[in-house]
Amino acid sequence: MSLSETSATQTPATPPPGCPAHAHDAVDPEAYIALDPLVRDLDGESARLRAAGPLAKVMLIGDVPVYSVTHHAEARKLLTDSRLVKDINHWNAWNNGEIPADWPLMGLANPGRSMLTADGPEHRRLRNFVAQALTVRRVQKLRPGIEALCARMLDTMEQAADENGVVDLKAHYAHPVPMTVITELFGMPSHHIPRLKELFDIFFSTVVPREQVPPMMAELDDIFQAFVQSKRDEPGDDLTSGLLEAAADGDTLTNEEIVNTLKIIVTAGHETTISLIVNAVRALSAHPEQRARVLAGEIPWSQVIEETLRYNTPTSHLLIRFPTEDIEVGDQILPKGEGLIVSFSAIGRDENQHGPTAGAFDATRDPIRHIAFGHGPHVCPGASLSRVEAEVALPALYARFPELTLAVDDSELRNKPILTQNDLFDLPVRLHG
């Protein structure tokens with residue numbers, strides 16, 4: 001679950017006055033690969049990015065030019081390079097007044113003060129609280145509760161199926177499981193979930209009307225501010241109360257940092273896992289011979305999960321970093337002050353890393369070395385939680401419905417208009433083959 005997919009909802013920093021509204025109008029669009037806001041062909045787009053890489057010129061929604069790293073080895077180097085920072089004030093386009101406050105991707109590029117936007121010692125300080133809360137050992141203790149939740153959700157999904165046994169697996173299983181896990185972990189009341197889903201849909205969308213962006217961000221902020229205050233008034237046995245207690249014991253966490261951290265974790269704590277579960281089911285449905293070997297115990301579920309993360313990575317593009325000086329990337333230069341995104345969908349199928357079969361799903365692949373959860377200081381601290389949820393949810397699903405298959409042809413599945421998430425609108429399945 002990539003934390004870069006999340007947003008805190010602080011008011012963006014104000015660009016310098018008197019700057020031109022679109023100083024990048026002179027950019028030649030023919031020199032850039034324009035990312036499709038409707039995400040109609042993610043595989044094809046990723047292949048074009050790889051072919052243009054390892055450092056490709058990309059045009060984001062709103063005609064915002066940035067660079068994209070598209071190869072595995074170069075991405076690993078850049079993600080550990082201290083000259084690449086998250087502070088938006090190092091972005092030339094921002095300082096030149098080219099990025100409006102209602103830019104649809106503003107919540108991703110400038111999400112307010114948190115571990116997502118800090119670097120160096122400040123990043124380590126802010127990240128430490130979440131990392132301690134989501135250690136592998138602590139996450140493993142959640143397994144029995146996740147198992148019980150999955151059993152309940154499978155009951156609900158079976159009841160929701162039509163007379164032909166067809167049901168939307170995403171809506172009735174892949175979404176509610178991780179969303180319930182993360183909200184319960186942080187002590188957030190379940191009545192917030194329906195509205196949060198609506199707000200997150202607006203937040204991630206690349207086609208949302210710009211006038212909806214500021215009120216959406218403000219409402220998210222209001223929800224989390226009120227939630228944090230409720231935990232101050234009545235603390236409980238949850239991670240939010242733990243963050244507040246740590247701050248009260250003398251740490252320098254501010255209310256803003258606590259609120260932003262919670263927004264990041266709740267958002268990232270469910271979106272990536274949704275895609276992981278959906279993409280694994282999709283891959284196994286397309287490869288019945290591998291599915292049979294998995295269900296027979298010949299291929300462990302852990303390999304299915306890691307191959308899904310590599311082949312059909314939940315995070316399409318990771319926004320956004322800024323070089324504080326020119327950085328060499330192969331025989332190219334990433335110029336100081338330009339924006340850089342990390343194109344995980346392209347990286348996951350890099351033949352230089354994964355060999356000539358990189359474009360094929362193969363759960364027997366050994367070893368499966370990917371960076372789907374990031375790399376370096378900003379690697380996702382919730383990766384272990386996402387893996388455990390998938391390790392429980394997928395075997396439980398197929399134990400209940402071993403003949404489960406897609407109810408439509410794979411070619412009919414459609415990606416949602418989201419730049420950062422490899423996310424389908426729905427996943428219709430037939431429970432009994």
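**Aromatic rings**

I counted five aromatic pairs, taking rings of Phe, Tyr and Trp (its six-membered ring) as paired if their centres lie within 6.5 Å, with planes under 30 degrees apart called stacked, over 60 edge-to-face and the rest tilted. One of these is the edge-to-face pair of Tyr311 and Phe361, at 5.7 Å centre to centre and 70 degrees between the planes. This pair links distant parts of the chain, 50 residues apart, since Tyr311 belongs to helix α15 (residues 301–311) while Phe361 sits in the loop between α17 (351–354) and α18 (383–400). Helices here are DSSP runs of H or I with at least four residues, strands are runs of E with at least two, and both are numbered from the N terminus.

I then noted the basis of the entries: the model is predicted, so local features need pLDDT of at least 70 and side-chain atom pairs count only at pLDDT 80 or more, whereas totals for chains, interfaces and linings use all residues. Residues are numbered from 1 along each chain as its sequence is written, and side-chain values use heavy atoms, with hydrogens and water left out.

I found Arg349 over the face of Tyr311, 3.8 Å from the ring centre, and Arg414 over the face of Phe425, 4.5 Å from the ring centre. The rule asks for NZ of Lys or CZ of Arg within 6 Å of the ring centre and within 35 degrees of the ring normal.

Glu306 is also found in helix α15, and Glu306 is buried with a relative accessible area of 17%. Leaving out residues up to four places away in sequence, I listed Ile368, His370 and Arg387 as touching Glu306, a contact being heavy atoms within 4.5 Å.

**Sheet**

I traced an open sheet of six strands with mixed pairing, in the order β1-β2-β3-β9-β6-β4, where two strands pair if DSSP finds at least two bridges between them. Its edge strands are β1 (33–34) and β4 (84–85), each pairing on one side only. Strands β4 and β6 (residues 317–323) run antiparallel and are joined by two bridges, and Val85 has Phe322 as its bridge partner in β6.

**Cores**

Which residues touch the most other members of the largest nonpolar core? In this core of 114 residues they are Leu60, Trp91, Leu169, Tyr173 and Leu397, and helix α13 (residues 255–286) gives the most, with 14 residues. A second, separate core of 16 residues includes Ala75, Val329, Val342 and Ile347. A nonpolar core is a set of buried Ala, Val, Leu, Ile, Met, Phe, Trp, Tyr and Cys residues joined through side-chain atoms within 4.5 Å.

**Cysteines**

I counted zero disulfides, a disulfide being a pair of cysteine sulfur atoms within 2.5 Å. Cys150 is buried at 0% relative accessible area, and Cys380 counts as buried at 5%.

Note on methods:
Buried < 20%, exposed > 50% of the residue type's maximum accessible area, 1.4 Å probe, protein only.
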